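This report walks a new reader through selected features of one protein structure. Please keep the sequence and the 3D view at hand while reading.

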Amino acid sequence: MKKKVAVYKVSFFIVLLVALVTALYLGAYDFNHSVFEIVSTYFNTNTHTADSFVLIELRIPRILMAILTGAALAISGTSLQGLFKNPLASPDLIGITSGAVLFAALTIVFGSAVMHLLPAFFRYVLLSIMAFIGALLTMWFVYKMATSNGKTHILILLLSGVAITALTGAVTGFLTYISTEEELRNITFWSLGSLAGSNWWKVCLVFIVVLIGSIRLLSKGKILNALMLGEKEAAHLGFDIEKTKREIIIIVSLMVGCVVAFNGTIGFVGLVVPYILRFVFNSNYNILLPLSMLLGAVVMLIADTISRTIVVPAELPIGILTAIMGAPVFISILINYKRKLK
């Protein structure tokens, strides 16, 4: 098994490197020199050209953001599926994404009234900050609803997530209805997801959140494996189940909230990636967690590269593309599962 896991890790890493190099060259802008020449000239002579601006300031940050986003969504979905013991669980399930979308819509529709009062920097990041706050508030509400006497009830957590998703969806729909034509376009484009706004400071912030969150989630493999036996059995093995629930929910909320705040809604990655890996490795979370990060990064990078090249010079929202890619895979998974029930 260890050899098999190593083969998959190396294979995913090689595919990721190939996708990264390919993404550097593909896009609406064609470089006049090779990527290595542009980078060498930029750092050795500090010469700023159109090539260096597109590569250093636009394309590389976007590629890194795609890798971080895919890894974060995939490991979050895998962790939630292990926690809920439900292969259909995803970050959208507990309302994190819908809360971020609601606060983003509020900012788009009503933000113009206070925008002139804010410093220039806060005008630039206001949408992302509000979306992140929305994700955290949603997480706090759902967690409080599901927790009593220090114990978190998973079923209530799921139902609370469904309820808050319906409520925030209704309010977002109302905001969409009363919005102007320009605001409607902004809400629609943001809710469909895009990595077009990526820059170095966003990449650094997401990297810090994803790095810290991933390190903690990667250490939960044994506990998630034990939870497959049931909570009582896992507790008898010496694991602190309630602490694990709180930590996973909070970490996933922070990671997904940060990603959604900068890139909008991107679905199916956190659902389909762990599902695919489970066909090969069953439900061994010591293996699924690290592999899901690699495969999620590969899927997101390929999806983003296609989204910015398929309709050049325009750009297809990445949320549409991940849904197109993920839905058929998910349907085939359900068909196979249905056959096993017969």
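## Aromatic pairs

Three aromatic pairs are present in this structure, which is a predicted model. One of these pairs joins Tyr8 and Phe281 in an edge-to-face arrangement, with 5.1 Å from centre to centre and 75° between the planes. Because Tyr8 belongs to helix H1 (residues 2-25) and Phe281 to helix H13 (residues 269-281), the pair ties together parts that lie 273 residues apart in sequence. Tyr8 is partly exposed, its relative accessible area being 27%, whereas Phe281 is buried, with a relative accessible area of 3%.

Another pair is made by Trp201 and Phe262, whose ring centres are 5.6 Å apart and whose planes meet at 90°, so this pair is also edge-to-face. Distant parts of the chain are linked here, since Trp201 is in helix H9 (residues 200-218) and Phe262 is in helix H12 (residues 241-263), 61 residues apart. With a relative accessible area of 31%, Trp201 is partly exposed, while Phe262, at 12% relative accessibility, counts as buried.

## Around the ring of Phe281

Tyr8 and Phe281 also belong, together with Phe12, to one aromatic cluster.

## A buried glycine

Gly221 is placed in helix H10, which covers residues 221-227. Is Gly221 buried or exposed? Gly221 counts as buried because its relative accessibility is 0%, and the cut-off for buried is under 20% relative accessible area.

Leaving aside residues up to four places away in sequence, Gly221 touches Tyr285, Asn286 and Leu289. Ser112, by contrast, is 109 residues away from Gly221 along the chain, and the C-alpha atoms of these two residues are separated by 46 Å.

## A nonpolar surface patch

Which residues form a nonpolar patch on the surface? The patch is formed by Val15, Ile302, Ile306, Ile310, Val311 and Met325, which together have about 430 Å² of accessible area.

Val311, one of the residues in this patch, is found in the loop between helix H14 (285-307) and helix H15 (318-341). Because its relative accessibility is 37%, Val311 counts as partly exposed, a class that lies between the cut-offs of under 20% for buried and over 50% for exposed.

Note on methods. Residues are numbered from 1 along each chain as its sequence is written. This is a predicted model: local features need pLDDT of at least 70, side-chain atom pairs count only at pLDDT 80 or more; totals for chains, interfaces and linings use all residues. Side-chain values use heavy atoms; hydrogens and water are left out. Patches are made of residues with over 30% relative accessible area and no salt bridge: like charges are joined within 9 Å, nonpolar side chains (Val, Leu, Ile, Met, Phe, Trp, Tyr) within 5 Å. Accessible areas come from the Shrake-Rupley method with a 1.4 Å probe; for residues, only the protein chains shown count as cover. A salt bridge is a side-chain nitrogen of Lys or Arg within 4 Å of a carboxyl oxygen of Asp or Glu. Helices (H or I, at least four residues) and strands (E, at least two) are DSSP runs, numbered from the N terminus. Buried means under 20% relative accessible area, exposed over 50%, partly exposed in between (1.4 Å probe, protein chains only). Contact means heavy atoms within 4.5 Å. Rings of Phe, Tyr and Trp (its six-membered ring) pair if their centres lie within 6.5 Å; planes under 30 degrees apart count as stacked, over 60 as edge-to-face and the rest as tilted.
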